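Open the model in your viewer and keep the sequence panel beside it. This tour tells you what to select at each stop and what you will find there.

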Amino acid sequence: MLTQSVNVMKSTSYILGIESSCDDTAAAVLRNDEVLSNCIANQKIHQSYGGIVPELASRAHQANIVPVVQQALSIANIDKKELTAIAYTRGPGLLGSLLVGSAFAKSMALGLNIPLIEVNHMQAHLLCHFIKNNDQPPPTFPFLGVTVSGGHTQLVKVESPFEMKEIGRTRDDAIGEAFDKCGKIMGLNYPAGPEIDRLAQDGNPNAFSFPIPKVDDLDVSYSGLKTAFINLINNNSRKNHNFIEENLKDLCASIQKTLVTVILEKITKAQEKYKLKRVVVGGGVAANSEIRKVLHLKAQEENWEVFLPPFQYTTDNAAMIGIVGYQKLLNHRLGDMNQSVSAKLPL
Ligand code: KG4
Ligand code: ZN
């Protein structure tokens, strides 16, 4: 086994983070817990397909990875020879996409003779709160982690940076996926979440109502809600061809409110069950204005401490990979050149 060692007594570490789990090729440079650069190449190619095409995603990662890493180093004003370690996303994610990032990270670490660090993408979404931020100190442990993204919806009991236990999850679609699929039926571009959020600002959230799915314990389900939304659109569009156009803002506001209510109910239930007063949110849907609003309200009403990431660390990014890399470096949790990527890597 090719494990590596490093002198982490050096006071300053420069970490290159690489993220390629889905459709964003991202690279970031951190000096300890401080982000010096955070670069992302979004793949526009998937928009015309209304969702991610895995084969196209890995090809685009291959084209993007070298320029994105070069850009991250250049913005950080760091020569690659100054890097202390390279952290990369080992999973979960699309296999072909993960392989591009991992092959690149391994070759670069080998070429520079520096340690390689494996990062779990889901841990990184929560640990992005440990990136140096002058506006908000990091959360203290333990806390309730809530990961709301395009691929996952998870409630997590977090005891320490590396002790995370899933206590609830979606049984079918992720919340971001539900936003995207509801947006698709309304003719919005992929990913539709940000556009639904924007349109909902001027809509009536009570114009349409949808049944809240009943799921045991702390699990959630979004596929029934998505089907109810699609049925509402189809039934009304048969009677009025302009139904979507005439009701777009109200439809967006109503479905957004319902999607957020589903997860908020489970966050409240998890709080009661585990007596965790700190809620730490991560993932693309953490950018959503409704989820931010209701959590801030809950913080005031229930005396919760709520942590929402700065917008640049909500959707997939490499700074969150870099911060986990830094924490692992400090804890001597170095990676293994022989370790393969894992599409379903558990927490
Ligand atoms: O974390 P992320 O970049 O990728 C995954 O790991 O899945 O999350 C992407 C998801 C997409 O489904 C996108 O529609 C959603 O985050 N999203 C939003 C907003 N911004 C991004 N959903 C609702 N409101 C937003 N403002
Ligand atoms: Zn993600």
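Donors here are N, O and S atoms within 2.8 Å of the metal (3.2 Å for Na, K and Ca), and water is not among the atoms, so sites may look incomplete.

Before you start: this is a predicted model, where local features need pLDDT of at least 70, side-chain atom pairs count only at pLDDT 80 or more, and totals for chains, interfaces and linings use all residues. Residues are numbered from 1 along each chain as its sequence is written, chains are lettered from A and ligands numbered from 1 in the order in which they are written, and side-chain values use heavy atoms, without hydrogens or water.

**Stop 1: the zinc ion**

Select ligand 2, the zinc ion. His121 (NE2), His125 (NE2) and Asp316 (OD) coordinate it at 2.0 to 2.1 Å. What angles do the 4 donor atoms subtend? They run from 94 to 144 degrees, so the arrangement is irregular. Along the chain, the donors follow the spacing H-x3-H-x190-D. Histidine 125 sits in helix H3 (residues 121-127) and aspartate 316 in the loop between strand E10 (305-307) and helix H9 (319-330), so this pair ties together parts 191 residues apart in sequence. Helices (H or I, at least four residues) and strands (E, at least two) are DSSP runs, numbered from the N terminus. Histidine 125 and aspartate 316 are both buried. Buried means under 20% relative accessible area, exposed over 50%, and partly exposed in between (1.4 Å probe, protein chains only).

**Stop 2: helix H8**

Select residues 289-302. This is H8, with 14 residues. Its first and last C-alpha are 20 Å apart, close to the 20 Å expected at 1.5 Å a residue. That expected span is 1.5 Å times one less than the number of residues. Now color its buried residues: Glu290, Ile291, Arg292, Val294, Leu295, Lys298 and Ala299. Their cover includes strand E6 (143-148), helix H7 (243-274), strand E9 (278-282) and E10. After H8 comes asparagine 303, with a positive phi near 65 degrees.

**Stop 3: the cores**

A nonpolar core is a set of buried Ala, Val, Leu, Ile, Met, Phe, Trp, Tyr and Cys residues joined through side-chain atoms within 4.5 Å. The largest has 49 residues; Val146, Met186 and Leu295 are among those with the most contacts inside it. H7 gives the most to this core, with 13 residues. Select methionine 186 next. Its contacts (heavy atoms within 4.5 Å) include Ile196, Phe229 and Leu248, leaving out residues up to four places away in sequence. A second, separate core has 30 residues, including Ala87, Phe130, Val156 and Phe307.

**Stop 4**

Most residues other than glycine have a negative phi, and most peptide bonds are trans. Select glycine 91 and proline 92: a cis peptide bond joins them, with omega about -10 degrees. Another cis bond joins phenylalanine 141 and proline 142, at about -5 degrees. Proline 142 lies in the loop between H3 and E6. Then go to aspartate 217, where phi is positive at about 50 degrees. Aspartate 217 is partly exposed, with a relative accessible area of 40%. Finish at histidine 332, in the segment after H9. Phi of histidine 332 is near 55 degrees.

Definitions and conventions. Tetrahedral: all angles 85-135°; square planar, octahedral: opposite > 155°, others 65-115°.
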